[in-house]
Amino acid sequence: MKNIFLVLIVAVLLISCTSEQKFTQAFFKEDMARSLSFFDKAYDGSKMTYYSEIDFKGQVISSKIYTVALSRLIYGLAFSAHYYPENIDRALSISQFQLNNMIGEESGVSYFKPEFPTGAKEIPNKLDIWQQAYGLCGLTELYRQTNDTLLLSKLRTYHKSLVKRFRDSINGGFFGEVQFNGEAISGTKTIQSLMYPLTAYLINLREADVYNRNEYESILEEHLSIAYQKVWNSSTSWVNVKFDDDWNPIDTDSASAFVTAGHNFQFAALMLRAGEWSFLKDSTRFNYQKLGEKVIAETVQKNIWKNQLIEHGFYAGFNPHTNKGLDDNRTWWQHCEAIIALTLCGDKYKAELNQLLQFYYSNFIDTQYGGEIFNIDANGNPVNENKGQKGKSVYHHIEMLRFLLEAS
């Protein structure tokens, strides 16, 4: 009888492990709490903030605090407060640490300090758009949840400082890097300098700050127009990654060219979202919508999938000239971007979205140690990389949940 009982238990477990996960609002809400809880050990109650460097098992490995990682945690906690109101206090406490310790000013122009080593306030010799844009990410979501007018005043100051430092007044858009004295660094325009300021904070800030939307819309219109004309390479069906100072795509030689499907999906999602914005002309919105749909259709059909099956996920890097795979890992953030893009398509890719979600939750959620796994290798094994680092915390995962919750 005991043996029969054990067989029945094993059978039930096998069935539960192989059956498809049902994705509901309740599931996504619970998953949000799970994701945030991984970083509990990294919270320092005396400093009232989080340390950023967390190893694969969840242990703090240094006292460093990075602007991008901390800001992304603020985003996650602030957004989750809509479902878990108690999280707003934690978001407020760590935002105060950021405001007090990780923002500087040079010649009347504010900037985010990239990191906060123990007791030191580092002054960089140059600033990059990635860290400066994501410095605004968490504070923007916190304002969206609290409507704190003092925080909004600071946000507007930081936004104007970013625009003043990075905007190209001649050709439009942002440079990717500037000298600390404000001089733009030629040759640093990329798909990131076009998209990341928009997706990291500006779209969200426009949504939240309803009385000043026109100021943000002018920047959005400028970046979207450049992106629509310059990013998509119709001959390769990959995004262009690097640009010269006039926003002409730089065709990297075949030996060193590298693109990611994650950026294809991220670009498509941006175009689809822009297709819904009433401040744009109807014809412009139509064009953006159609381009977004085209990018998704062509990317889904590419040979990017392991074993050519969506349910196995897609590889991390490719040569755009040959479509040859260059990195056979599969990366968590890229799949988050793909899921967001497919979610924005309504029911058109319902089956593909479900397959990708099944893959994501079967492979990137660490049921043993918690958190989200950065990479899995070609055989599906987790790569032992830190789950907290300069740019990795909860942001991509919770942003994905935000879109899924809004759509469900």
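The model is predicted, so local features need pLDDT of at least 70 and side-chain atom pairs count only at pLDDT 80 or more, while totals for chains, interfaces and linings use all residues. Residues are numbered from 1 along each chain as its sequence is written, and side-chain values use heavy atoms, with hydrogens and water left out.

**Exercise 1.** Describe how strands β4 and β5 are arranged.

Solution. Strands (E, at least two residues) are DSSP runs, numbered from the N terminus. Two strands pair if DSSP finds at least two bridges between them. Strand β4 (residues 103-106) is joined to β5 by 4 bridges, and the two run antiparallel. Within this pair, I103 stands opposite F112. The two strands form a hairpin with 2 residues between them, and S107 in the turn has a positive phi of about 55 degrees.

**Exercise 2.** Decide whether the residues of β5 and the residue G45 are buried or exposed.

Solution. Buried means under 20% relative accessible area, exposed over 50%, and partly exposed in between (1.4 Å probe, protein chains only). In β5 (residues 109-112), V109 and Y111 on one side and S110 and F112 on the other are all buried. G45 lies in the loop between β1 (43-44) and β2 (49-50). G45 has a relative accessible area of 52%, so G45 is exposed.

**Exercise 3.** List the residues that Y361 contacts, leaving aside its neighbours within four places in sequence.

Solution. Contact means heavy atoms within 4.5 Å. With those neighbours set aside, Y361 is in contact with F23, F27, F28, D31, H397, M400 and L401.
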